[in-house]
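Here are my notes on the model, point by point.

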Amino acid sequence: MTSIVHFEIPADDIQRAKTFYSDLFGWRMESMPGMDYTMIDTFGAPGGGMMKRMHPEQQIINYIGVPSVDEYAAKAEKLGGKIIVPKMAVPGMGYFVVCLDTENNAFGIWEMDMKAKE
């Protein structure tokens with residue numbers, strides 16, 4: 001069964017956003033070494049991440065876990081969706097694709113694969 005496995009929060013001011021979510025919900029923030037990315041521990045599932053906003057319209061994205069991003073990306077397109085970020089690897093963790101649904105809402109699909117390479 002597929003479900004939300006991760007979320008990402010874009011921020012204009014990372015430190016300000018970290019403070020906001022940490023103070024509001026008690027979430028623990030951990031900067032990833034060598035990356036411009038912060039992991040968010042919600043003390044439950046799903047966990048999330050935070051990064052610098054890449055464009056003004058960028059909003060929070062939920063990632064849905066799937067057995068194959070290739071299969072689900074093709075299925076999304078067949079159903080009228082669009083791929084806006086093609087398949088990318090997160091080395092040692094998995095692969096993701098970001099799509100738009102038929103209503104122009106962005107969502108991600110995530111395939112766990114500890115052997116993932118760029």
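1. D12 and R53 make a salt bridge, with their closest N and O atoms 3.0 Å apart. The two residues come from distant parts of the chain, 41 residues apart: D12 sits in the loop between β1 and α1 (14–25), and R53 in the loop between β4 (47–52) and β5. A salt bridge here is a side-chain nitrogen of Lys or Arg within 4 Å of a carboxyl oxygen of Asp or Glu. Helices (H or I, at least four residues) and strands (E, at least two) are DSSP runs, numbered from the N terminus.

2. On the basis of these notes: this is a predicted model, in which local features need pLDDT of at least 70 and side-chain atom pairs count only at pLDDT 80 or more, while totals for chains, interfaces and linings use all residues. Residues are numbered from 1 along each chain as its sequence is written, and side-chain values use heavy atoms, with hydrogens and water left out.

3. How exposed are D12 and R53? D12 is partly exposed at 48% relative accessible area, and R53 is partly exposed at 24%. The cut-offs are under 20% for buried and over 50% for exposed, with partly exposed in between (1.4 Å probe, protein chains only).

4. A search of the whole structure finds three salt bridges. Another of them joins D41 to R28, at 2.4 Å from N to O. D41 belongs to strand β3 (residues 38–41) and R28 to strand β2 (residues 28–31), so the pair ties together parts 13 residues apart in sequence. D41 is partly exposed at 26%, as is R28 at 48%.

5. K87 and D70 also form a salt bridge, their closest N and O atoms being 3.1 Å apart. Since K87 lies in strand β6 and D70 in helix α2 (residues 69–78), this pair ties together parts that are 17 residues apart in sequence. Both ends are partly exposed: K87 has 39% relative accessible area and D70 has 45%.

6. Strand β6 (residues 82–90) runs antiparallel to strand β7 (residues 94–100), and six bridges join them. Two strands count as paired if DSSP finds at least two bridges between them. V90 stands opposite G94. Three residues lie between the strands of this hairpin, where G92 takes a positive phi near 75°.

7. Strand β5 (residues 61–65) pairs with β1 (residues 4–11) in the antiparallel sense through four bridges, with I4 opposite I64. β5 also pairs with β8 (residues 106–112), in the parallel sense over three bridges; there G65 has W110 as its bridge partner. The covered face of β5 holds I61, Y63 and G65, and the uncovered one N62 and I64.
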